[in-house]
Amino acid sequence: MKISNAFFPTLKEIPTEAQIKSHKLMLRAGLIRMLSSGIYSFLPIGYRVLKKVCQIVREEMDTIGGQEFHLPALNPIEIWEETNRVEAFGDTMFHVKNRNYILAPTHEEIICNIAKNNLKSYKELPQIWYQIQTKFRNEPRPRSGVLRGREFTMKDSYSLDCILEGLNKSYDLHSEAYKKIFSRCGLKFFIVGASSGAMGGNNSQEFLVESKEGGEDFAVVCENCNYASNIEIATSNPQKIEREKISKTIEEIFTPNIKTINQLSEFLKTDKSHLAKSVVYKVDEKPVLILMMGNDKLNEEKLKKYLHGEIEKIEDEKLVEIFGADGGSLGPVNLKNVKIIADKRLENLNQLVCGANKNDFHIVNIDLIRDTSIEFYADIRTVEENEPCVNCSSPLKIITAIELGHIFKLGTKYATSMNATVLNEEGKQVPIIMGSYGIGIERIIACFIEQHSDEDGIIWEKKLSPFDVHLISVNTDNQNIMNTAENIYNELKENQVDVIYDNRLNITAGVKFKDADLLGVPIQLIVSERNVKNGNIEIKFRNSGERSILKIEDIKTFILDFIHK
Ligand code: ATP
Ligand code: MG
């Protein structure tokens, strides 16, 4: 491709709309342009990278026996109602105004529908079906460029089995394929156990890339024993508090203007482990009081697992109506008709202080066994940095990360709702067991740039680079230079080398060098008067900045060796 007649709109200035490195560089290097919040056009050079990523993904999916589909993005809403997911997605789903259609945010329902209508017997299983296709999600806060778009490309695949071992095998195959894909894409990534909603157990894993700036996920990791988990399900071994031998009598005390655990701890000169905080959620229209130790943070994802439904925090104004007191003065004693759940750390403790359900009063000496009717205790707290690891007690770290991919054992949830069954080996109709596996294609590109760039621009590795070689002619008024560069260009093209050739006439060499570093193709070939007169040209490696001189006649072999090594 010759730049003189190509669309290669680089930007000198850093676009103000971009906060993170990858977003800035994708705009500056002319890979993408924003159309509207969370909606991006891939320009020709960006699209080359996108296609390379898709090809790597495709090859690895084919290797594990995946069969590529192309499913419609426009879906009749009824199919999504069969699984109740119109409601579950809520505002995240785009609805078409003049038809009963939605724009698909994922494709479990469509896959399940095809399976239901076409698969009859265990003999046809297992199947792995995949596609690389546009997804639509009305993300409330699209940010960081293509990392969180409202329209984005996903590789989504689905495994169909009728025995659990089959699902486990398909899941493991995906796990291996994902490792290969991300490694081939040159990414440093790590894997964590993740929330698997209703399925429970170790049935879901996320592939993450550490990123302070772009990360929206939090992972808890132990550098000693390699424990790694999304914070949504992470556990730790926090300091254990023992029940005291004697439970004193409870007593209501005046605590004027004391609203927070810190204020209460100071006021009573009591350690926070003896204070319990109450938070109230609405579940199925009913209030549920959640009791946490001290300043421990409630983990909504964990809580959801125990409450089996949508949970919603109750606004402070409503609390007075229900409890007769404000948020800072609530507690579990003498509560009627309100379910109480407590964090495991509080299990059977005594000598606790809680709100009295009366503004400005707390109750001391509470014995949770004697004075409350807690329905159950469960691990519903959020792990904090430096808490001891569950496995080895080393201090845990919390890492901010971007989710690249997610693999998930779905089980029979979808097949049951949609009545998708097959005959098993015993001749019984059984629901199809599904797995669902996703990768964000744009996220691979943005994460690569986050990890491989410097102040001058992107530093592509050859597998993802939009071109193999960036050829630059320096002295454009010298016909000999232009001819030499043209000959190199043609020779490389004839040998299937993908060359971008900066043949622009009215542009200074400095600008060309800057654009080449910004675009970040691994090899730059620089054709200048100084070297050509000795039969040489200069080669610059973008990653190391190293330069060397090559004989013009050796270029072809050198480049072909580089590409194929
Ligand atoms: P997140 O928690 O980041 O919103 P998710 O859990 O909703 O992701 P999945 O539904 O598992 O994501 O989708 C599979 C993959 O698609 C994700 O791992 C991610 O790489 C990508 N992805 C999801 N949402 C977006 C988005 N809005 N923009 C770009 N890629 C996305
Ligand atoms: Mg999401």
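Hi everyone, let me start at one spot in a sheet: Val288 stands opposite Lys339 in β17. Do keep in mind that we are looking at a predicted model.

That pair sits where two strands meet. Strand β15, residues 286-293, runs parallel to its partner β17, residues 339-343, and four bridges connect them. Now widen the view. The open sheet has five strands, in the order β16-β14-β15-β17-β20, with mixed pairing. At the edges you will find β16 (311-313) and β20 (376-378); each has a single partner strand, so one side of each is left without a neighbour in the sheet. On average, neighbouring strands here are turned by 35 degrees against each other, direction ignored. Packing on this sheet is helix α8, residues 300-307, which touches β14 (276-283), β15, β16, β17 and β20. The direction of α8 makes about 130 degrees with that of β16.

On to the domains. The chain divides into domain 1 (18-216 + 400-449), domain 2 (251-378) and domain 3 (469-564). Between the centres of domain 2 and domain 3 there are 70 Å, taken over C-alpha atoms.

My last stop is Thr106, in the loop between β6 (101-103) and α5 (108-118). Is Thr106 buried or exposed? Its relative accessibility is 7%, and the cut-off for buried is under 20%, so Thr106 counts as buried. And what does Thr106 touch, leaving aside neighbours within four places in sequence? Its contacts are Trp80, Arg85, Phe89, Lys135, Arg137 and Tyr158. There is also a polar contact of 2.7 Å between the side chains of Thr106 and Glu108. Thanks, everyone!

Technical notes
Residues are numbered from 1 along each chain as its sequence is written. Chains are lettered from A and ligands numbered from 1 in the order in which they are written. This is a predicted model: local features need pLDDT of at least 70, side-chain atom pairs count only at pLDDT 80 or more; totals for chains, interfaces and linings use all residues. Side-chain values use heavy atoms; hydrogens and water are left out. Two strands pair if DSSP finds at least two bridges between them. Axes are lines fitted to C-alpha atoms, for helices over the stretch in contact, and angles run from 0 to 180 degrees between N-to-C directions. Contact means heavy atoms within 4.5 Å. Domain bounds come from an automatic or database domain assignment. Buried means under 20% relative accessible area, exposed over 50%, partly exposed in between (1.4 Å probe, protein chains only). A polar contact is a pair of N or O atoms within 3.5 Å; within protein, one must be able to donate a hydrogen and the other to accept it, and residues adjacent in sequence count only if both atoms are side-chain atoms.
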